[in-house]
Amino acid sequence: MRSILLATLASATALPALAEVNIYSYRQPELIQPLLEGFTESTGIETNVAFLNQGLVERLKAEGERSPADIILTVDISRLSTAEEEGVTQAVESQTMADNIPQSLRDPEGHWFGVTTRGRIVYASKERVGEDEVTTYEDLADPKWEGRICTRSGTHVYTLGLVAAMIEHNGEEATREWLEGVKSNLARSPQGNDRAQVRAIWAGECDISLGNTYYMGAMLADPEQEEWANSVRVEFPTFEDGNGTHVNISGVAMTANAPHREDALAFMEYLSSPEAQEIYADVVNEYPANPEIAPSELVASWGDIEPDTTDLGAIADHRADALRLVEEVNFDG
């Protein structure tokens, strides 16, 4: 009996580890499911996903070395850099990732990598805004826009990303003055999400709004929102110092205690591959991080984007200052 038990244990020990990747994701299921299916079909590695609305970093810290998570998927550079700062990610060395993802869209130490980009653009009324009226982000503080701008909360991560970029380009004092100017031009107090701003333009409450590019695709795909989308056009403001349109990222990182490190690395490299980047472009309506892959026809139809190539890590360093300025000018008040 003892010999049988030992033989059984030896056999179990010899079995190969299950090929799988466990993912904690802030990205909605329908946005990443085609990528998960493509990865498994390409590699034979299964994926398990826990979708979270909040508390991703806190969960990883609480789980510690017992965490089953290999990968985190999230949006916004601040969330990725926060994960790194809190010690829940690890550095990854991958020539494939370095070849596929531009340096400005990845952490110098390899803690996070952008897999798509989205422009923080202006939605402009086709009826009430001329095609040459929207120029730079700085111009949004011009009194000519008084009572014409709608935007979401100044404390939202998307807004803070743009404010942090303004600090990087123009310094704190100029950014404070810019925030005060934009606030004085608001048609209403900041409220709602990016699509709610476009609805407000359609309803005649304002003429322009700040938003992410991919929401245009989302609205066009929704019969109830298609009319909103068709009432506006996408404009690509730039910075006055000659840099292009502010972009942010959705990104990927390997957790500090990843139990399936090799499989997790394979997943990260797959996300940067032409196959996955094309899926991102078609399904999510975002710009591929891999510069060799073109955006979808729909995204391309909105116009050409010249992205600001300022290092996103440098912009993320200004997030705390951006929040402080937003609160000091009482932007949402």
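**Entry 1: cavities**

I began with the largest cavity, which has a volume of about 60 Å³. I kept in mind that this is a predicted model. Which residues line the largest cavity? I found Thr-151, Thr-159, Leu-162, Val-163, Trp-178, Leu-179, Val-182, Leu-210 and Phe-331. I then looked up the elements they come from: helix 6 (157-170) and helix 7 (172-184) each supply at least two residues of this lining.

How many cavities of 30 Å³ or more does a search of the whole structure find? I wrote down two. The second largest cavity holds about 40 Å³ of space. Around the second largest cavity I listed Arg-120, Tyr-158, Asn-212, His-246 and Asn-248. Its lining divides into one nonpolar, three polar and one charged residue.

A reminder to myself on the idea behind this: rolling a probe the size of a water molecule over the atoms shows where empty space is left.

**Entry 2: pockets**

Next I turned to the pockets. The largest pocket has about 740 Å³ of space. I saw that 25 residues line the largest pocket, and that Tyr-26, Gln-28, Leu-31, Tyr-158 and Tyr-215 are the closest to its centre. Tyr-158 was already in my notes, as part of the lining of the second largest cavity. Which elements give two or more residues to the lining of the largest pocket? My list reads helix 2 (29-43), helix 9 (214-220) and helix 12 (274-284). I sorted the lining of the largest pocket by class and got 13 nonpolar, six polar and six charged residues.

For the second largest pocket I noted a volume of about 350 Å³. Of the 19 residues that line the second largest pocket, Leu-105, Thr-117, Pro-288, Ala-289 and Pro-307 are the closest to its centre. This lining has 13 nonpolar residues, five polar and one charged.

**Entry 3: Thr-116**

I picked Thr-116, which sits in strand 5 (residues 113-125). Is Thr-116 buried or exposed? I put it down as buried, because its relative accessibility is 0%, and the cut-off for buried is under 20%.

Then I checked what its side chain meets. A polar contact of 2.4 Å links the side chains of Thr-116 and Ser-250. Another polar contact, of 2.5 Å, runs between the side chains of Thr-116 and Glu-286. Leaving aside neighbours within four places in sequence, I found Thr-116 in contact with several other residues, including Arg-27, Tyr-280 and Tyr-287.

**Entry 4: Thr-43**

My last stop was Thr-43, in helix 2. I labelled Thr-43 partly exposed, because its relative accessibility is 36%; that label covers values between 20% and 50%. Which backbone oxygen does the side chain of Thr-43 reach? It reaches that of Phe-39, at 2.8 Å. I also looked along the chain: Thr-43 and Tyr-270 are 227 residues apart, yet their C-alpha atoms are separated by 9.1 Å.

How values were computed
Residues numbered from 1 in each chain as written. Predicted model: local features only at pLDDT ≥ 70, side-chain atom pairs only at ≥ 80, totals over all residues. Heavy atoms only, no water. Helix = DSSP H or I, 4+ residues; strand = E, 2+ residues; numbered from the N terminus. Buried < 20%, exposed > 50% of the residue type's maximum accessible area, 1.4 Å probe, protein only. Polar contact = N/O pair within 3.5 Å; in protein donor to acceptor, adjacent residues only side chain to side chain. Contact = heavy atoms within 4.5 Å. 1 Å grid on protein atoms, 1.4 Å probe; cavity = no way out; pocket = protein on both sides within 12 Å on 5 of 7 lines; lining within 4 Å. Points joined across faces, edges and corners; volume = space filled by probe spheres on them. Nonpolar A, V, L, I, M, F, W, Y, C, P; charged D, E, K, R; others polar.
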